[in-house]
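Dear colleague,

Please find below the structure that I am handing over to you. My notes on what was found in it follow directly after.

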Amino acid sequence: MAQSPRLTDRTAERLLQMIHSDYRPGERLPGEAQLCQLFQVSRTTLREAVRSLAAQGFLEVRRGSGTFVLTPPATGIDLGRLEAVQARLRDLFEIRMMIEPQAARLACVRGSDQELEEICRRAQEVARAIRAGEDFSQAEENFHLAFVMAAHNRVMSQLLPIIHNALHETWAALDVMSLLGKLTLQDNEVLLGFLRQRDGEGAQYAMATHIRHTINVLNLPPQDGTILD
């Protein structure tokens with residue numbers, strides 16, 4: 001179930017107040033369970049609040065180590081940081097382009113009927129969240145992960161959650177989810193059409209096209225003049 005944006009924003013505000021009053025740069029925050037109990041929120045709400053503050057430069061999430069306080073960012077738009085965010089996103093989408101179109105093709109070939117039904121069900125969750133005006137990023141991640149699970153490639157299934165976690169920590173800074181909703185609905189419908197026909201080449205092309213569309217909306221400059229295909 002999607003979290004209320006208001007609850008997430010309030011949690012982020014309270015967490016930021018706690019950071020300013022009780023913590024110095026470099027210090028580690030308490031664990032998730034303790035913070036959830038302190039703020040009386042779910043883990044999902046807390047994680048969204050942490051991601052928001054990380055995107056703004058107040059926190060750093062270190063996988064396996066915890067969440068750490070950063071030196072407060074200067075007021076105003078930090079163009080250097082924005083460029084760094086875009087560069088990180090560009091690299092992440094290059095990896096997605098290498099993995100996910102192939103995962104879509106393999107899902108059509110290897111996926112069971114039940115696994116393809118699960119992909120369609122997750123697509124419905126994405127559509128519901130978009131039409132309700134909710135944050136659909138988690139539902140969209142689950143949709144893409146379902147393709148990888150149906151591809152039956154264990155390395156892919158291990159890599160994609162890592163990539164999505166890195167995306168979560170990065171692209172909130174660009175605030176573009178509202179721009180991606182309609183495009184995502186259209187792209188997912190095309191992708192599901194090929195999936196239902198078990199057309200691997202068509203699904204591969206549709207997934208690559210969706211990733212390129214997202215890259216265009218994010219306005220990510222290609223590295224060294226190269227274009228992702």
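I begin with Arg90, which counts as buried because its relative accessibility is 15%; buried means under 20% relative accessible area, exposed means over 50%, and partly exposed lies in between (1.4 Å probe, protein chains only). Arg90 forms a salt bridge with Asp91, with the closest N and O atoms 3.3 Å apart. A salt bridge is a side-chain nitrogen of Lys or Arg within 4 Å of a carboxyl oxygen of Asp or Glu. Asp91, at 35% relative accessibility, counts as partly exposed.

Please note that this is a predicted model, in which local features need pLDDT of at least 70 and side-chain atom pairs count only at pLDDT 80 or more, while totals for chains, interfaces and linings use all residues. Residues are numbered from 1 along each chain as its sequence is written, and side-chain values use heavy atoms, with hydrogens and water left out.

Overall architecture

The protein has 229 residues, of which 45% count as buried. Its secondary structure comes to nine helices and two strands; helices (H or I, at least four residues) and strands (E, at least two) are DSSP runs, numbered from the N terminus. In order from the N terminus, the elements are α-α-α-β-β-α-α-α-α-α-α.

Further salt bridges

By the rule given above, there are twelve salt bridges in the count.

Another salt bridge is formed by the side chains of Arg96 and Glu100, at 2.5 Å from N to O. Why are Arg96 and Glu100 separated by about one helical turn? The reason is that they are four residues apart in helix α4 (residues 79–110). Arg96 and Glu100 are both buried.

Helix α3 has 13 residues and reaches 18 Å from its first C-alpha to its last, close to the 18 Å expected at 1.5 Å a residue. The expected span of a helix is 1.5 Å times one less than its number of residues. Among the buried residues of α3 are Leu46, Val50 and Leu53. After α3 comes Gly57, with a positive phi near 95 degrees.

Helix α5 (residues 113–131) has 19 residues, and its span of 27 Å from first C-alpha to last is close to the 27 Å expected. Its buried residues include Leu116, Ile119, Cys120, Ala123, Val126 and Ile130. An α-helix has 3.6 residues a turn, so residues three or four places apart point the same way. The residue Gly133 follows α5 and has a positive phi, near 75 degrees.

The strand pair

Strand β1 (residues 59–62) and strand β2 (residues 66–69) run antiparallel and are joined by four bridges; two strands pair if DSSP finds at least two bridges between them. Leu59 has Val69 in β2 as its bridge partner. The two strands form a hairpin with three residues between them, and Gly64 in the turn has a positive phi of about 85 degrees.

How many disulfides does the structure hold? There are zero disulfides, a disulfide being a pair of cysteine sulfur atoms within 2.5 Å. Cys36 is buried at 10% relative accessibility, and Cys120 is buried with a relative accessible area of 17%.

Thr11 lies in helix α1 (residues 5–22) and is buried, with a relative accessible area of 2%. The C-alpha atoms of Thr11 and Gln40 are separated by 9.3 Å, although these residues are 29 apart along the chain.

A surface patch

Val155, Leu159 and Ile162 make a nonpolar surface patch of about 260 Å². Patches are made of residues with over 30% relative accessible area and no salt bridge, with like charges joined within 9 Å and nonpolar side chains (Val, Leu, Ile, Met, Phe, Trp, Tyr) within 5 Å; accessible areas come from the Shrake-Rupley method with a 1.4 Å probe, and for residues only the protein chains shown count as cover. Ile162 lies in helix α7 (residues 154–168) and, at 47% relative accessibility, counts as partly exposed.

With kind regards
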